[in-house]
Amino acid sequence: MLNGVTDFKDFIDVLYDIIGGTLAPLLFATAIVAFLYGVQKYILAGASEDKVKEGRDMMIYGIIGLAVMFSVWGLVRLVINTFFVGF
């Protein structure tokens with residue numbers, strides 16, 4: 001048994017606590033750091049086209065990461081609210 005998990009709802013509660021409490025904030029922070037790192041590279045690139053492209057690409061990856069995380073988080077909330085009404 002995993003932390004007193006006795007049925008499926010308890011399992012979902014534990015899984016939600018792990019994802020919502022630890023994993024999601026870590027992934028959001030990683031995407032924000034990637035975006036800010038890209039901004040820093042872009043600003044400090046000067047006239048170097050390669051460094052400007054690297055910074056722009058890193059900013060795009062950070063924005064895509066945030067968009068994917070918000071989308072997945074919305075889908076998780078939708079599924080939980082649909083199937084586990086009293087959650």
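**Tour: an aromatic pair and a pocket**

Start by selecting F28, which is buried, with a relative accessible area of 18% (buried is under 20%, exposed over 50%, partly exposed in between, with a 1.4 Å probe and protein chains only). This is a predicted model, in which local features need pLDDT of at least 70 and side-chain atom pairs count only at pLDDT 80 or more, while totals for chains, interfaces and linings use all residues. Residues are numbered from 1 along each chain as its sequence is written, and side-chain values use heavy atoms, without hydrogens or water.

Next select F70, which is exposed at a relative accessible area of 55%. Rings of Phe, Tyr and Trp (its six-membered ring) pair if their centres lie within 6.5 Å; planes under 30 degrees apart are stacked, over 60 edge-to-face, the rest tilted. The count by this rule is one aromatic pair. The ring centres of F28 and F70 are 5.0 Å apart with planes at 50°, so the pair is tilted. F28 sits in helix α1 (residues 8–43) and F70 in helix α2 (residues 49–83), so the pair ties together parts 42 residues apart in sequence. Helices are DSSP runs (H or I, at least four residues), numbered from the N terminus.

Now show Y16, I19, W73, V76 and I80, which are the closest to the centre of the largest pocket among its 14 lining residues. The space in this pocket is about 240 Å³. A pocket is an open set of points on a 1 Å grid where a 1.4 Å probe fits, with protein on both sides within 12 Å along at least five of seven lines; lining residues have an atom within 4 Å of a point. Finally, colour α1, which gives the most to the lining, with seven residues.

Conventions
Helix = DSSP H or I, 4+ residues; strand = E, 2+ residues; numbered from the N terminus. Points joined across faces, edges and corners; volume = space filled by probe spheres on them.
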